[in-house]
Amino acid sequence: MPTWKTELPTGKGHMGFSIKRTPAQGALQAICTCVDLVVCDTHFWGGRTFPCERRQLNEDGSETAGSCAACGKAVPYRTHVYVSCFDAKTRDHFIFECTAAAAQPLEDYRTATGTLIGCVIHATRPKGGKNSKVFIQTNTVNLSRVQLPAAPDIIKNLCTIWAIPMKGEREHENKKTQVRVSPDSEGVHSIRSDISSKMDPLPLADVLAAMSTTASN
Ligand SMILES: [Zn+2]
């Protein structure tokens, strides 16, 4: 017997969030659902994006041991910013990605109000083109009129998207602007060696094209 209901599923079966970037034409407009920015250095290498894992200096002066295969090959990294956003028209809840430079208005908003929840993002590329500079304007939505979904765990979702195994705890403090993904390093290394053992070496032209795409993104 089929089961007939009059209510939609509760959404608990959500299979993950996709990453959206500012479109070449038109605008991306959505409302932030998260409190803070997630900032992460990433590489575009071997046809995919993944976080940079170079050695980093912690705030307490200690160093995080890192070994980044991409840095080892002198592939440049880019600092990207991630926030969860809700499109009130399409009901789509997604992770918005932009460069650190483009995200300055978001940090200003967060500093001014203490949270990004309810911040309307209007992101455009005034010059057009897929990788031209992104311009973000912010506004405030009346939260008593819009029901926003709860923010997803952005870092967890990014790790899923980037196929990074997570182990136990991770460093994530809401008050900090820098959030570091602390993946299971052994797992990452196994992925890296897996990738390098399975992938054909990229032609130099492809690598250069990928790097220039990333550099101007
Ligand atoms: Zn790196």
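**A friendly note on the zinc site and its surroundings**

1. Let's begin with the cysteines: a search through the whole structure turns up zero disulfides. Keep in mind as you read that this is a predicted model. For a disulfide, the two sulfur atoms would have to be within 2.5 Å. Cysteine 98 counts as buried because its relative accessibility is 4%.

2. What coordinates the zinc ion? The donors are His43 through NE2, and Cys52, Cys68 and Cys71 through their SG atoms, at 2.1 to 2.3 Å. The angles among these four donor atoms run from 102 to 120°, and the site is tetrahedral. Along the chain, the donors follow the spacing H-x8-C-x15-C-x2-C.

3. Cysteine 71 has a relative accessible area of 26%, so it is classed as partly exposed.

4. Stay with S3 for a moment and look at its partner. S3 pairs with strand S4 (residues 48-51) in the antiparallel sense, over four bridges. In this pairing, phenylalanine 44 stands opposite threonine 49 of S4. The two strands make a hairpin with two residues between them, and glycine 46 in the turn has a positive phi of about 65°.

5. Which residues other than glycine have a positive phi? One of them is alanine 74, with a phi of about 60°. Alanine 74 is found in the loop between H1 and strand S7 (78-87), and its relative accessible area of 62% makes it exposed. Another is arginine 91, whose phi is near 65°. Arginine 91 is in the loop between S7 and strand S8 (92-99), and it counts as exposed at 57% relative accessibility.

6. Next, turn to helix H3 (residues 154-161). Its buried residues include Ile154, Ile155, Asn157, Leu158 and Cys159. Where do the buried residues of H3 pack? They pack against strand S1 (19-20), S3, S7 and S8. As background, an α-helix has 3.6 residues a turn, so residues three or four places apart point the same way.

7. Both ends of H3 deserve a look. At its start, a side-chain oxygen of aspartate 153 reaches to within 3.3 Å of the backbone nitrogen of isoleucine 155. After the helix comes alanine 163, which has a positive phi near 55°.

8. One last stop is serine 132, in the loop between strand S9 (119-124) and strand S10 (135-140). Serine 132 is buried, at 14% relative accessibility. A polar atom of the serine 132 side chain lies 3.3 Å from the backbone oxygen of glycine 129.

Definitions and conventions
Residues are numbered from 1 along each chain as its sequence is written. This is a predicted model: local features need pLDDT of at least 70, side-chain atom pairs count only at pLDDT 80 or more; totals for chains, interfaces and linings use all residues. Side-chain values use heavy atoms; hydrogens and water are left out. Donors are N, O and S atoms within 2.8 Å of the metal (3.2 Å for Na, K and Ca); water is not among the atoms, so sites may look incomplete. Four donors count as tetrahedral if all angles lie between 85 and 135 degrees; four count as square planar and six as octahedral if opposite donors are over 155 degrees apart and all others between 65 and 115; anything else is irregular. Two strands pair if DSSP finds at least two bridges between them. Buried means under 20% relative accessible area, exposed over 50%, partly exposed in between (1.4 Å probe, protein chains only). Contact means heavy atoms within 4.5 Å. A polar contact is a pair of N or O atoms within 3.5 Å; within protein, one must be able to donate a hydrogen and the other to accept it, and residues adjacent in sequence count only if both atoms are side-chain atoms.
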